[in-house]
Amino acid sequence: MSLLAKIKEIEEEMARTQKNKATSYHLGLLKAKLAKYKRELLMPTSKGGGGGGEGFDVTKAGDARVGLIGFPSVGKSTLLTKLTGTFSEVAAYEFTTLTCIPGVIWYKGAKIQLLDLPGIIEGAKDGKGRGRQVIAVGRTCNVICIVLDAMKPLEHKRIIERELEGFGIRLNKRPPHMSFKQKERGGINLTHVGNFTPTHLELDVVKAVLGEYKIHNADINLREDVTVDELIDVIEGNRVYVPCLYVLNKIDGISLEELEILAKIPHYVPISAHLEWNMDQLLEKVWEYLDLMRVYTKPKGQIPDYNAPVVMWRNATVEQFCDKLHKSIMRQFKYANVWGASVKHNPQKVGKEHVLQDEDVVQIVKKV
């Protein structure tokens with residue numbers, strides 16, 4: 001029996017099984033088997049051969065990477081062209097874009113790489129179309145924009161989410177608060193910290209899931225009510241947690257009443273790429289979801305350089321800021337003077353562990 005047939009068989013059995021306390025053991029076992037088969041399916045079987053295909057080995061450039069994922073002909077190429085000025089072939093028929101086309105947006109001093117990925121089809125996670133390569137590039141993005149056509153059914157949103165979930169991409173989620181540590185002996189220990197009672201994980205369910213991975217000795221400590229799926233994600237250890245925006249394109253083709261209904265979708269931005277409606281809000285949202293910040297440098301006796309910010313991930317420290325400028329700075333670092341939201345006084349003398357905030361101004365003082 002092929003892997004796809006095994007996966008289909010397990011999915012059908014899970015759909016037939018009622019969800020209750022009595023079946024939780026059986027469902028946990030099925031979910032673990034399913035995760036294992038999916039991992040085998042996604043791993044390339046041959047070592048040699050053709051590689052990823054033309055256009056999929058895009059080098060990461062700039063401060064962050066944003067991927068446009070969606071079905072064919074939803075307007076991804078038009079959006080890339082309008083935002084970056086990079087030409088991506090646009091036509092009214094499906095599958096116009098066949099490779100991954102990168103463009104660059106300069107926004108608030110940050111260089112953001114925008115990728116127009118080929119349209120994915122249902123079954124991409126199982127290797128249909130170019131879907132597997134498309135979603136593999138999606139794993140490397142800091143933010144994913146799922147581009148949807150306002151005039152097509154919202155079922156497309158669920159299909160794309162399912163395809164990405166099947167590839168180990170968790171959208172708008174964070175890793176579960178739990179620790180998992182394998183050991184040589186002592187069996188399976190399940191404990192929890194905090195004032196809650198685990199409702200999804202019982203010791204026999206955990207033993208069944210771990211048994212599927214041939215793990216018989218481990219310590220598991222829960223800090224929140226973790227589900228079986230989240231436990232499997234932690235065991236697999238190859239999941240990526242990516243912020244996601246739902247970009248609803250072609251809103252010029254629907255009524256105001258329909259737009260108000262669609263506005264109830266969380267993480268959503270309505271636009272018209274062709275008419276360039278609401279592009280400012282889209283860029284502002286992308287910036288917010290990227291969670292970047294700008295830090296300005298101030299040479300001694302000069303005014304800060306506001307034209308060339310150092311773009312970093314939020315909550316970066318002075319040490320990380322110095323390393324971003326040059327690796328050798330920390331060897332001569334004495335202290336830093338900081339102006340901005342992260343300090344009580346302007347300027348304030350801080351050490352290398354000080355956490356910076358957006359639009360802080362930093363002056364580094366070196367040892368004499």
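User: Which residue of S3 stands opposite Pro102?
Analyst: Leu115 in S3 does. Keep in mind that this is a predicted model.

User: What makes S2 and S3 a pair?
Analyst: Two strands count as paired if there are at least two bridges between them. Strand S2 (residues 101-107) and S3 are joined by seven bridges. Therefore they meet the rule. They run antiparallel.

User: How many residues lie between the strands in the hairpin of S2 and S3?
Analyst: Two. In this hairpin, Lys108 takes a positive phi near 55°.

User: What makes S1 a partner of S3, and in which sense do they run?
Analyst: Use the cut-off of at least two bridges again. Five bridges join strand S1 (residues 64-70) to S3, so the two strands pair. They run parallel.

User: What holds paired strands together in general?
Analyst: Backbone hydrogen bonds, in either a parallel or an antiparallel arrangement.

User: Why is strand S3 called mostly covered?
Analyst: A residue is buried if its relative accessible area is under 20%. In strand S3 (residues 110-116), six of the seven residues are buried. The strand is therefore mostly covered.

User: Why is Cys322 called buried?
Analyst: Its relative accessible area is 0%. The limit is under 20%, so Cys322 is buried. Cys322 sits in helix H10 (residues 318-325).

User: What does Cys322 touch, leaving aside its neighbours within four places in sequence?
Analyst: Its contacts are Ile329, Met330, Phe333 and Ile364. Contact calls for heavy atoms within 4.5 Å, so each of these four residues comes within that distance of Cys322.

User: How many residues separate Cys322 and Val362 in sequence?
Analyst: They are 40 residues apart in sequence. In space they are 9.8 Å apart, C-alpha to C-alpha.

User: What share of the protein chain is buried?
Analyst: Buried residues make up 45% of its 368 residues. The chain has eleven helices and 16 strands. It exposes about 19,600 Å², and carbon and sulfur atoms supply 52% of that area.

User: Which strand pairs with S7 in the parallel sense?
Analyst: Strand S8 (residues 218-222), over five bridges. At least two are needed, so S7 and S8 count as a pair. His192 has Leu222 in S8 as its bridge partner.

User: Which residues of H6 and H7 meet?
Analyst: From H6, Val205, Val206, Val209 and Leu210. From H7, Val228, Leu231, Ile232 and Ile235.

User: Why do none of these residues count as polar or charged?
Analyst: Val, Leu and Ile are on the nonpolar list. The residues of this contact are therefore eight nonpolar, no polar and no charged.

User: What handedness does the crossing of H6 and H7 have?
Analyst: H6 passes H7 in a right-handed crossing. The axes of helix H6 (residues 203-212) and helix H7 (residues 228-236) cross at roughly 40° and come within 11 Å.

Terms used. Residues are numbered from 1 along each chain as its sequence is written. This is a predicted model: local features need pLDDT of at least 70, side-chain atom pairs count only at pLDDT 80 or more; totals for chains, interfaces and linings use all residues. Side-chain values use heavy atoms; hydrogens and water are left out. Helices (H or I, at least four residues) and strands (E, at least two) are DSSP runs, numbered from the N terminus. Buried means under 20% relative accessible area, exposed over 50%, partly exposed in between (1.4 Å probe, protein chains only). Accessible areas come from the Shrake-Rupley method with a 1.4 Å probe; for residues, only the protein chains shown count as cover. Axes are lines fitted to C-alpha atoms, for helices over the stretch in contact, and angles run from 0 to 180 degrees between N-to-C directions. A crossing is left-handed if the near helix is turned anticlockwise from the far one by less than a right angle, and right-handed if clockwise.
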